[in-house]
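These are my notebook entries from one sitting with a single chain. I set down each item as I looked it up.

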Amino acid sequence: MEELEKIADEIEQELASTLDREIQTERIGELVMEKLRKVDEVSYVRFASVYRQFKDINTFMMELNKLLTEDKG
């Protein structure tokens, strides 16, 4: 749980430093996915599956393949 709190703090600091009055929810979601991916790939995939609302197995597999391809490169 400590790692999740650290991620939340990092995201909060990053967003606060922009001085934007409004932050798009899409930006927050992308930051969460970016941070989760570095810490725990399973948590990343679980969050991405809900956040991106995968409609079928093909879109889910595309995301998994993207994750695997980027990890190798």
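Predicted model: local features only at pLDDT ≥ 70, side-chain atom pairs only at ≥ 80, totals over all residues.

Residues are numbered from 1 along each chain as its sequence is written, and side-chain values use heavy atoms, with hydrogens and water left out.

**Entry 1. The chain as a whole**

I took helices as DSSP runs of H or I with at least four residues, and strands as runs of E with at least two, both numbered from the N terminus. I found four helices and zero strands, and the pattern along the sequence is α-α-α-α. Along the principal axes, the C-alpha atoms fill a box of roughly 40 × 25 × 25 Å.

I then looked up the surface, using Shrake-Rupley accessible areas with a 1.4 Å probe, where for residues only the protein chains shown count as cover. The chain exposes about 5,900 Å², and carbon and sulfur atoms supply 53% of that area. Of the 73 residues, 19% are buried.

For contacts I used heavy atoms within 4.5 Å. Among contacts with a separation of 6 or more, 30% join residues 24 or more positions apart.

For charges, I counted Lys and Arg as positive and Asp and Glu as negative, leaving out His and the chain ends. Each charge was placed at NZ of Lys, CZ of Arg, CG of Asp or CD of Glu. The chain has 11 positive and 18 negative charges, and their mean positions are 4 Å apart.

**Entry 2. The nonpolar core**

I define a nonpolar core as a set of buried Ala, Val, Leu, Ile, Met, Phe, Trp, Tyr and Cys residues joined through side-chain atoms within 4.5 Å. Which residues form the largest nonpolar core? I list 11: I7, I11, L15, L31, V32, M33, L36, Y44, V45, A48 and L67. Helix 2 gives the largest share, with four residues. As background, nonpolar side chains in soluble globular proteins tend to be buried together.

Beyond four places in sequence, L36 is in contact with L4, I7, E41, S43, Y44 and F47. V45 lies in helix 3 and is classed as buried because its relative accessible area is 14%. Beyond four places in sequence, V45 is in contact with F60, L64 and L67. V45 and I28 are 17 residues apart in sequence, with 16 Å between their C-alpha atoms.

**Entry 3. Charged residues**

Is K35 buried or exposed? K35, in helix 2, is buried, because its relative accessible area is 14%. Residues up to four places away aside, K35 touches I7, E10, I11 and E14.

E63 lies in helix 4 (residues 57–72); its relative accessibility is 9%, so E63 counts as buried. I define a polar contact as a pair of N or O atoms within 3.5 Å; within protein, one must be able to donate a hydrogen and the other to accept it, and residues adjacent in sequence count only if both atoms are side-chain atoms. The side chains of E63 and Y44 make such a contact at 2.4 Å. Neighbours within four places aside, E63 is in contact with Y44, R52 and F54.

K66 is also placed in helix 4. With a relative accessible area of 37%, K66 is partly exposed. K66 touches R37 and R52, not counting residues up to four places away. K66 and F54 are 12 residues apart along the chain, and their C-alpha atoms are separated by 14 Å.

T69 is found in helix 4. Its relative accessible area is 55%, so T69 is exposed. T69 and V39 are 30 residues apart in sequence and 17 Å apart, C-alpha to C-alpha.

L19, in the loop between helix 1 and helix 2, has a positive phi of about 65 degrees although it is not a glycine. L19 is exposed, at 75% relative accessibility. Q53, in the loop between helix 3 and helix 4, is not a glycine but has a positive phi of about 50 degrees.

How values were computed: Buried < 20%, exposed > 50% of the residue type's maximum accessible area, 1.4 Å probe, protein only.
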